[in-house]
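Let me put the structure up, and then we'll walk through it together.

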Amino acid sequence: MDQPLKTVITGVSGRMGRMLVATIADSDRTVVSAAVERAGHDWIGRDLGEVLGGAPTGVTVTDDIALALQGADAVIDFTAPAATIAFARAAAEAGVAHVIGTTGMTTDDIAQLSGPAERTVLVRAGNMSLGVNLLVQLTRRVAAALDEDYDIEIIESHHNQKVDAPSGTALMLGEAAAAGRGVALEDVSDRGRDGITGARTRGDIGFAAIRGGDIVGEHDVMFAATGERITLRHVASDRSVFARGAVKAALWSRGKPPGAYDMLDVLGLSED
Ligand SMILES: NC(=O)C1=CN([C@@H]2O[C@H](COP(=O)(O)OP(=O)(O)OC[C@H]3O[C@@H](n4cnc5c(N)ncnc54)[C@H](OP(=O)(O)O)[C@@H]3O)[C@@H](O)[C@H]2O)C=CC1
Ligand SMILES: O=C(O)C1=N[C@H](C(=O)O)C[C@H](O)C1
């Protein structure tokens, strides 16, 4: 068997950072080799196990990404767009695979990942769960089978701490629906309706975002026509589905050539 994958976790104190530490602790194929938080965070310089309320692990939380990447195989990153761009440059420099779950990235942010992806394996997805990635493929197929008599609406629900909208998953689903219809999402996307909006434009793909309580993540893709409605739905009830997907991506990266990949590649669901 291969040596356990030496994995760096960024944003380690966050909801996903903690979930990743727990997921890796349950795996004999990966190990947390370093843990990163932002400069000034009160976990810096302390043992990861102790700050999480457990036994010492020997991993000291650091704000130095270059140091954290030394000798590592992969970095799993669920943080924020500016941090992710900086981590991508550092991972490319160190030749370490970069698994990105961060959402809320603009087109310009994403363009800044193409340089790093020429130098190392970069896997990025707005949702790392198997279920959502299957839903992406289903959405593409249903959109291809139906004409514009079926209005496509994407409804997403998340916890009250989420800072970006539409969710990364909603955008993945929107891209899939647009691809199924053979159009570009930016030409048909309808976000943030408010006030006298006028009637719906035929062919548009609409987005709606709900924020409340501790909702982990729910996504509906509705195809609404006169007299009938089809709804494809995914409900995540536990963040472990995202963490397991990210760890799977990190393991998959081993030995792959540099390039930009997504979870469809990792899961073998890519149809292109
Ligand atoms: N693709 C997927 O499957 C999923 C994606 N996500 C996405 O992952 C991201 C994180 O989500 P979540 O864990 O809920 O968010 P949290 O806010 O709980 O965690 C983010 C963490 O990143 C840290 N961070 C921010 N900037 C830096 C930096 N420069 N250096 C080091 N650490 C930094 C934050 O620190 P601080 O608190 O000090 O700012 C925080 O600890 C979001 O974009 C979310 O949408 C979430 C779930 C699944
Ligand atoms: O912020 C979250 O929590 C989540 N973010 C991702 C997204 O933006 O789609 C994935 C998941 O839905 C949870």
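Quick word on domains before anything else: the bounds I'll quote come from an automatic or database domain assignment. On that basis the protein splits into domain 1, which is 5-124 + 239-267, and domain 2, which is 130-236. Their centres, taken over C-alpha atoms, are 28 Å apart.

Some housekeeping. This is a predicted model, where local features need pLDDT of at least 70 and side-chain atom pairs count only at pLDDT 80 or more, while totals for chains, interfaces and linings use all residues. Residues are numbered from 1 along each chain as its sequence is written, and chains are lettered from A and ligands numbered from 1 in the order in which they are written.

So, the overall picture. We have 11 helices and 12 strands; those are DSSP runs numbered from the N terminus, helices being H or I with at least four residues and strands E with at least two. The C-alpha atoms fill a box of roughly 60 × 40 × 30 Å along the principal axes. Of the 272 residues, 40% are buried, meaning 20 or more other C-beta atoms, placed from the backbone, lie within 10 Å of the residue's own.

Now, where do the two domains touch? I call two residues in contact if their C-beta atoms, placed from the backbone, lie within 7 Å. Domain 1 puts 8 residues into the contact and domain 2 puts in 9. On the domain 1 side, helix H10 (240-253) and helix H11 (263-267) are the elements giving two or more residues.

On to the ligands. A residue counts as near a ligand if its C-beta atom, placed from the backbone, lies within 6 Å of it. Which residues are closest to ligand 1? They are Gly 11, Gly 14, Met 16, Ala 83 and Gly 101, out of 26 that surround it. Helix H1 (residues 15-25) gives the largest share of that shell, 3 residues.

For classes, Ala, Val, Leu, Ile, Met, Phe, Trp, Tyr, Cys and Pro are nonpolar, Asp, Glu, Lys and Arg are charged, and the others, Gly among them, are polar. The ligand 1 shell then has 8 nonpolar, 14 polar and 4 charged residues.

Around ligand 2 we find Thr 103, Gly 126, Asn 127, His 158, Lys 162, Ser 167, Gly 168, Thr 169 and Gly 217. That shell has no nonpolar residues, 8 polar and 1 charged.

Methods
Buried ≥ 20, exposed ≤ 12 C-beta atoms within 10 Å, placed from the backbone.
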